[in-house]
Structure formats: C-alpha cells, structure tokens
Amino acid sequence: MEVLQSKQDLRNWIRDRRGRERTLVPTMGALHRGHTSLIDLARETTPENDIVATIFVNPTQFGPNEDFDSYPRQLEDDLALCETHGASAVFTPAAGEMYEKDASISIHESALSHRLCGASRPGHFDGVCTVVAKLFLLTQPSTALFGEKDFQQLAVLRRLVRDLDFPIEIIPGPTVRDADGLAMSSRNAYLSEEERAHAPIIFAALSRVARGIAEGRLESPLEAVAELTREIESAPPARIDYLEIVDSITLEALTDFKNTTPRLLAAVFFGQTRLIDNVGLPALNA
Ligand code: AMP
C-alpha cells in the first residue's frame, strides 16, 4: 500500500498505474468499522479497481466553534487498518497541501444543504462539496463510496455528481453499529459513560417508529415525529437538535406517507456531542 502525501505523488502514482480504474473512499481518519466496511465494500463491488482511501481532516467543513482542533487524529493506526482491509493507496495531505492560503473558489449547494444538519452547521456542506470535488479531480475515480450514516451528505454528494457531471458512480454503504445499535462515529469517543449508556435510544426509537409506520400504526409524519420525540426525550441527557421524516431523495419534510419513500433522520446532542443517525423505510403505496 502506498502512502501519498502530496498531490504530485498522487498524480505520479496514478500515472504509473496507467489503465487501472480507481474506487475512492474519502474519510477524515480516526477509522472504525464504519470506515473499513466501506473499503471492504469497495473490494466487493469493484474488485478490478485500485482502492484509494483518503485521510484528511478537512478544515473547511468545520464551523468556527466546532471540533476541528480536537478531532481525533491517529494516522499510524489508520494506515494499518487501510492496509489490512486492502486499500491500494492512502492519500493523506496536509491542510496546506490541499488549500492555497488565498483559495477563493468553493462549491455551494443550494437546495439540500440549508436544512437539517446544515441549519446548525452553516457552510458545512459547501466545505464537504468543495473537498470532495477536489478529491474527485485529484484521484479521478470511476466509483466512490460514502456511508448512509451521513444521509444528508450522501444526498448532497449525489447532487454534486449529477449537477457537475462527474463521471463517477456513487455507492452507499450501510450504517455500521455497535452491538447496542449506536451508529459508529469518531465522535462517540467524546461521550461520558452516562451519555454513552443512553445514546442507543436514538437508533432504538428510529427503528420502533419506522416499524410503527410500516405497520400502519403511525398514520402521519406528525404522529410519528411526536412519538420519536417522546421516546428520545425519555433519555435524560438527550437534547434534540432535529427529528424529521423526509423524502429520501429531495430531503423535503413529508406531510403524509402516501406514495413516498420516507427516511427518518435524527440529530441529538448528548452533552456537547451531537450524534446523527437515520433509518429508511421501503416505498409506501397508497
Ligand atoms: P468521516 O470520516 O466521518 O468523514 O466518514 C467517512 C466516511 O465514512 C463517510 O462516507 C461516512 O458516511 C462513513 N461512515 C462514518 N461512520 C459510518 C458508519 N458507522 N457506518 C457506515 N459508514 C460510516
């Protein structure tokens, strides 16, 4: 496995492996089974391709009061995991390598980004779109993998590919969870013991409410969100940022369930730590 730190090294490596296609797995490091499942899925879905994982804590997607400085960094462990899971190369540039000091162009997504996570993280998805577009241009993959755990990000990046004509197939990876259901996240490490003990309520509530909708017990999004709210508020340290039931493509809030493919999305603070999760439902007719 090659470890590439500069854009030039990456370009040289790509040139030397002329004729091979690439699958991209972008990450911010602090890798866990959620990330490595994407490398595994890359091997399964595109076995002919080189797999390029990237490890880059992208400053432009963090707000001024967010955890950019304290975000966990553990490059040696991450590289070992990438190698074990079969990455061909890891691109891990310094911030100064990725961005000129006076960089003045970025990508703005204007339909899907302002709500949900975008409402409490202004500018976040522009930072994500800009860095992912740069990674697409640098690595020129035919396929890129992103986790469903970050469902809004997945929808925004599908839009990026569609609207800017990147010739790249996006493959979503299912959310990987701890045994008690909590979605794996590098930020779970910030939770206190008490917060960690209550955090599985998010997935438990999303799953129960999704079942209630599928079985017809919960007849409207309003009713379903009310039940979600009650369930999550029953955990003392939980403070809801948003709970929404949206169309899984447009991310618009649903007003009824007829002929829809709903996605239940949650963002909940436990102390200072903001956790997100989501659960899908099959298409509902009439
Ligand atoms: P991050 O390092 O948090 O930017 O995540 C890098 C990629 O891993 C993104 O596509 C995430 O959606 C994905 N990812 C993060 N956590 C999980 C998880 N628990 N299950 C599946 N994919 C995940």
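**Figure 1. Helices H6 and H7 are oblique to each other.** In this predicted model, local features need pLDDT of at least 70 and side-chain atom pairs count only at pLDDT 80 or more, while totals for chains, interfaces and linings use all residues. Residues are numbered from 1 along each chain as its sequence is written, and side-chain values use heavy atoms, with hydrogens and water left out. H6 covers residues 124–139 and H7 covers residues 151–163; helices (H or I, at least four residues) and strands (E, at least two) are DSSP runs, numbered from the N terminus. The two axes come within 10 Å and cross at roughly 50°. Axes are lines fitted to C-alpha atoms, for helices over the stretch in contact, and angles run from 0 to 180 degrees between N-to-C directions. Angles under 35 degrees count as roughly parallel, over 145 as roughly antiparallel, 65 to 115 as roughly perpendicular and the rest as oblique. H6 passes H7 in a right-handed crossing; a crossing is right-handed if the near helix is turned clockwise from the far one by less than a right angle, and left-handed if anticlockwise. On the H6 side, the contact (heavy atoms within 4.5 Å) is made by Phe125, Val128, Cys129, Val132, Ala133 and Phe136. On the H7 side, Gln152, Gln153, Val156, Leu157, Leu160 and Val161 take part. By class, the contact of H6 with H7 has ten nonpolar, two polar and no charged residues. Here Ala, Val, Leu, Ile, Met, Phe, Trp, Tyr, Cys and Pro count as nonpolar, Asp, Glu, Lys and Arg as charged, and the others, Gly among them, as polar.

Figure 2. Ser110 is 16 residues from Asp126 along the chain, and the C-alpha atoms of the two are separated by 9.1 Å.

**Figure 3. The buried residues of helix H1 line one face of the helix.** In H1 (residues 7–16), the buried residues are Lys7, Leu10, Trp13 and Ile14. Seen down the helix axis, they fall within an arc of 125°, taken from the directions from the helix axis to the C-beta atoms. Buried means under 20% relative accessible area, exposed over 50%, and partly exposed in between, with a 1.4 Å probe and protein chains only. The cover over these residues includes strands E1 (2–4), E2 (22–27), E3 (50–55) and E4 (89–91), as well as helices H4 (95–98) and H6 (124–139).

**Figure 4. The axes of H1 and H6 come within 9 Å.** Their crossing angle is roughly 40°, which makes H1 oblique to H6. Lys7, Leu10, Arg11 and Ile14 of H1 make the contact with Lys134, Leu138 and Thr139 of H6. Sorted by class, the residues of this contact are three nonpolar, one polar and three charged.

**Figure 5. Helices H9 and H10 are roughly antiparallel to each other.** H9 (residues 201–214) and H10 (residues 221–233) have axes that come within 9 Å and cross at roughly 150°. H9 passes H10 in a right-handed crossing. From H9, Ile201, Ile202, Ala205, Leu206, Arg208, Val209 and Ile213 meet Ala224, Glu227, Leu228, Glu231 and Ile232 in H10. The contact of H9 with H10 has nine nonpolar, no polar and three charged residues.

**Figure 6. Thr36 lies in helix H2 (residues 33–45).** Thr36 counts as buried, at 4% relative accessibility. With residues up to four places away in sequence left out, Thr36 touches Leu81 and His85.

**Figure 7. Asn259 and Thr260 lie in the loop between strands E7 and E8.** E7 spans 238–247 and E8 spans 262–270. Asn259 is not a glycine, yet its phi is positive, about 50°. Most residues other than glycine have a negative phi. Asn259 counts as exposed at 58% relative accessibility, whereas Thr260 counts as buried at 9%. Thr260 touches Leu254, Pro282, Ala283 and Leu284, not counting residues up to four places away in sequence.

**Figure 8. Asp165 has a positive phi, near 60°, and is a residue other than glycine.** Asp165 is placed in the loop between H7 and strand E6 (169–173). With a relative accessible area of 65%, Asp165 is exposed.
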